Amino acid sequence: MEAVPDVAALRAFGPTISVGVLTADLLALGSELAVIERAGVRVVHVDVMDGCFTPTMTVGPPFVKALRTPLVKDVHLMIDEPLRTIREYVAAGADIVTVHPEACTHVHRVLQELGALPHAADPARHVIRGVALNPGTPLSVLEPLVGDLELIMLLAVNPGWGGQKFIPSTYDRIGQVKEMAARAPRPIALAVDGGVTRTTLAPSRRPASTSS
């Protein structure tokens with residue numbers, strides 16, 4: 001499968017699961033990626049952390065570049081001031097780059113910069129630009145940004161600690177973001193990150209797309 005060309009193709013995948021690559025056995029990463037490919041997974045999620053939201057630090061652009069897979073590379077930058085490094089992640093082959101307004105002095109400038117960068121594999125297109133919100137961040141933050149993004153990610157847990165339960169108020173936030181996206185001037189995909197289980201994905205409450 002080729003990398004997703006645009007947000008319309010990404011939305012056509014949904015509802016789908018973006019599998020977190022950092023849960024894999026990194027010494028057997030190739031075979032682990034092959035397992036999820038055979039299972040029908042289309043998107044692999046890479047959490048990049050530098051200590052901004054948690055004491056944990058993870059991977060960088062070389063790791064993204066080393067992911068030799070036809071899966072869509074969904075790079076979630078949980079880092080301080082991503083404007084300094086987004087060019088490196090795009091050059092490394094990211095198909096989706098998601099940033100946090102909580103960690104950006106000028107989040108709109110970050111989205112503008114992303115929109116001007118050509119995709120590493122196909123200079124005729126661009127990466128999908130995402131904005132992620134922590135559970136306590138008001139959705140009003142998104143209003144000035146919806147014309148310059150293609151993906152909204154709602155965190156359903158507070159970042160940084162595994163094993164947390166899905167925060168129930170996320171369901172209401174999903175509904176509000178769907179209404180916001182319907183009014184936006186461009187198609188927008190919706191993702192939910194954290195606490196995603198079979199229970200929280202009950203048919204009556206299932207969002208458009210998810211990430212875990």
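**View 1. Arg84 is exposed, at 60% relative accessibility.** Buried means under 20% relative accessible area, exposed means over 50%, and partly exposed is in between, using a 1.4 Å probe and protein chains only. This is a predicted model, in which local features need pLDDT of at least 70, side-chain atom pairs count only at pLDDT 80 or more, and totals for chains, interfaces and linings use all residues. Residues are numbered from 1 along each chain as its sequence is written, and side-chain values use heavy atoms, with hydrogens and water left out. Arg84 forms a salt bridge with Asp80, and their closest N and O atoms are 3.6 Å apart. A salt bridge here is a side-chain nitrogen of Lys or Arg within 4 Å of a carboxyl oxygen of Asp or Glu. Asp80 is partly exposed, with a relative accessible area of 35%. Side chains of opposite charge can pair when their charged atoms come close. A search of the whole structure finds seven salt bridges.

**View 2. Glu113 and Arg87 form a salt bridge.** The closest N and O atoms of this pair are 2.8 Å apart. The two residues belong to distant parts of the chain: Glu113 is in helix α5 (residues 107-116) and Arg87 is in helix α4 (residues 86-91), 26 residues apart. Helices (H or I, at least four residues) and strands (E, at least two) are DSSP runs, numbered from the N terminus. Glu113 counts as buried at 12% relative accessibility, whereas Arg87 counts as exposed at 54%.

**View 3. Arg129 and Glu150 form a salt bridge.** Their closest N and O atoms are 2.8 Å apart. Arg129 lies in strand β5 and Glu150 in the loop between β5 and β6, so the pair ties together parts that are 21 residues apart in sequence. Both Arg129 and Glu150 are buried.

**View 4. Thr170 is found in helix α6, which covers residues 170-183.** Thr170 counts as buried, at 2% relative accessibility. Leaving aside residues up to four places away in sequence, Thr170 touches Leu155, Ala156 and Val192. A contact means heavy atoms within 4.5 Å.

**View 5. The buried residues of helix α6 pack against β5 (128-133), β6 (151-155) and β7 (189-193).** In α6, the buried residues are Thr170, Tyr171, Arg173, Ile174, Val177, Met180 and Ala181. An α-helix has 3.6 residues a turn, so residues three or four places apart point the same way. Lys178 is also in helix α6, but Lys178 is partly exposed, with a relative accessible area of 46%. The 14 residues of α6 should span 20 Å at 1.5 Å a residue, and its end C-alpha atoms are 20 Å apart, which agrees. The expected span of a helix is 1.5 Å times one less than its number of residues.

**View 6. Ala189 lies in strand β7.** Ala189 is buried, with a relative accessible area of 5%. Not counting residues up to four places away in sequence, Ala189 touches Val7, Leu10, Arg11, Glu150, Leu151 and Ile152. Lys178 and Ala189 are 11 residues apart in sequence, and their C-alpha atoms are 9.0 Å apart in space. Thr98 is 91 residues from Ala189 along the chain, and the C-alpha atoms of the two are separated by 12 Å.

**View 7. The structure holds zero disulfides.** Cys52 is in no disulfide, and the nearest cysteine sulfur, that of Cys104, is 8.8 Å away. That distance is too far for a bond between the sulfur of Cys104 and that of Cys52. A disulfide is counted as a pair of cysteine sulfur atoms within 2.5 Å. Cys52 is partly exposed, with a relative accessible area of 33%, and Cys104 counts as buried at 11% relative accessibility.

**View 8. Glu81 is placed in the loop between β3 (72-78) and α4.** Phi of Glu81 is near 50°, a positive value in a residue other than glycine. Most residues other than glycine have a negative phi.

**View 9. Over residues 206-210, pLDDT stays under 50.** pLDDT is the predictor's confidence in each residue, from 0 to 100. For residues 206-210 the model has 21 contacts beyond four places in sequence. Where pLDDT is low, the predicted coordinates should not be read in detail. The protein averages a pLDDT of 88, and 92% of the residues score at least 70.
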